[in-house]
Amino acid sequence: MKRHAILFVPLLLAVGIQTAQAQAVSQAWNDYRKGQETPAATPTQEPALPAAMEYRRAEYERHGQRDRGGFFIGAQAGKGWVYEDLDQNALGVNAGYRWQAGPIALLGIEVAAGRLADTSDDGWYAEEVKFRSIGFNGRFNFGARNPWYAVVRAGYFDADMRGDGWSDNMDGGYAGFGIGVDLNRNVNLNLVYTAYVYADSYYYDYDWDYIEFNRADTVTFGIEARF
């Protein structure tokens with residue numbers, strides 16, 4: 001009995017050693033295979049932007065995608081001067097269309113009409129003037145999200161001056177600039193100065209004409225509606 005036990009113990013030890021060696025080899029092989037496998041590709045991602053930069057980019061993209069162009073109509077009141085230091089009450093209306101031309105610019109065309117009332121002061125008299133114009137109208141915001149803006153206008157005008165039993169016609173060019181503020185998406189206020197340049201012909205000595213260029217000015221405060 002002891003002899004068989006003595007023979008059996010070494011046999012068990014041999015089997016155990018072989019099993020352990022097989023397991024070790026198998027584990028090493030598995031580790032080797034895993035090391036040779038290429039990891040699955042993961043989608044590449046853009047590096048995250050700082051929160052402030054991401055916000056500005058989102059605001060710019062949203063603002064750039066919004067078209068603020070469209071029709072507009074306005075009304076103005078203020079003062080005008082055909083003769084220096086002789087104030088005339090001024091009223092005007094204008095209408096037109098502007099197109100989006102970038103994140104801060106709206107460019108377009110306008111037609112306008114207005115009136116300078118007749119007046120007198122210290123023996124001086126200024127006649128009533130009615131005028132019409134057509135030209136360019138542009139506005140430029142001071143930043144993509146800033147409600148304040150500059151406005152420029154320029155074009156051609158025609159006017160009639162009427163006195164006691166007589167009338168005169170004049171035409172020429174005009175140019176103006178001003179500043180305004182958006183109250184909301186559809187309404188804004190503006191303060192605009194406009195100069196009107198025209199030529200008068202004078203006849204001297206019955207044989208030659210003399211042409212003199214003159215200027216009339218207006219300063220108006222207005223309200224504008226946009227559609």
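For the cut-offs, buried means under 20% relative accessible area, exposed means over 50%, and partly exposed is in between, with a 1.4 Å probe and protein chains only. Before I go on, this is a predicted model, where local features need pLDDT of at least 70 and side-chain atom pairs count only at pLDDT 80 or more, while totals for chains, interfaces and linings use all residues. Residues are numbered from 1 along each chain as its sequence is written, and side-chain values use heavy atoms, with hydrogens and water left out.

Back to Leu-107, which sits in strand β3. Strands here are DSSP runs of E, at least two residues, and helices are runs of H or I, at least four residues, numbered from the N terminus. So what does Leu-107 touch, if we skip residues up to four places away in sequence? The list is Tyr-97, Arg-98, Trp-99, Ala-101, Phe-136, Asn-137, Gly-138 and Phe-140. Contact, by the way, means heavy atoms within 4.5 Å. Take Tyr-97: it is 10 residues from Leu-107 in sequence, and the C-alpha atoms are 8.2 Å apart.

A salt bridge here is a side-chain nitrogen of Lys or Arg within 4 Å of a carboxyl oxygen of Asp or Glu. The general idea is that side chains of opposite charge can pair when their charged atoms come close. How many do we get by this rule? The count comes to 8.

Arg-98 pairs with Glu-224, and their closest N and O atoms are 2.6 Å apart. That pair links distant parts of the chain, since Arg-98 is in strand β2 (residues 88-100) and Glu-224 is in strand β10 (residues 208-226), 126 residues apart. Are these two buried or exposed? Arg-98 is buried at 3% relative accessibility, and Glu-224 is buried too, at 7%.

Next up, Arg-153 and Glu-110 form a salt bridge, with the closest N and O atoms 2.9 Å apart. Here strand β7, holding Arg-153, is linked to strand β3 (residues 105-116), holding Glu-110, and the two residues are 43 apart. Arg-153 counts as buried at 13% relative accessibility, and Glu-110 counts as buried at 1%.

Then there's Glu-128 with Arg-115, at 2.8 Å, N to O. Glu-128 is in strand β6 and Arg-115 in strand β3, 13 residues apart. Glu-128 is buried at 19%, whereas Arg-115 is partly exposed at 32%. Also, Arg-132, Asp-158 and Asp-160 are joined into one network by salt bridges that share partners.

Now the inside. A nonpolar core is a set of buried Ala, Val, Leu, Ile, Met, Phe, Trp, Tyr and Cys residues joined through side-chain atoms within 4.5 Å. The largest one has 13 residues, and those touching the most other members are Val-82, Leu-116, Val-129, Phe-157, Ala-159, Tyr-196 and Tyr-198. At least two residues each come from β6 (128-141), β7 (148-162), β8 (167-182) and β9 (187-204). Which strand gives the largest share? That's β7, with 3 residues. As for Ala-159, leaving aside neighbours within four places in sequence, its contacts are Val-129, Lys-130, Phe-131, Arg-132, Asp-168, Asn-169 and Met-170.

One last stop: Ile-179, in strand β8. Ile-179 is partly exposed, with a relative accessible area of 39%.
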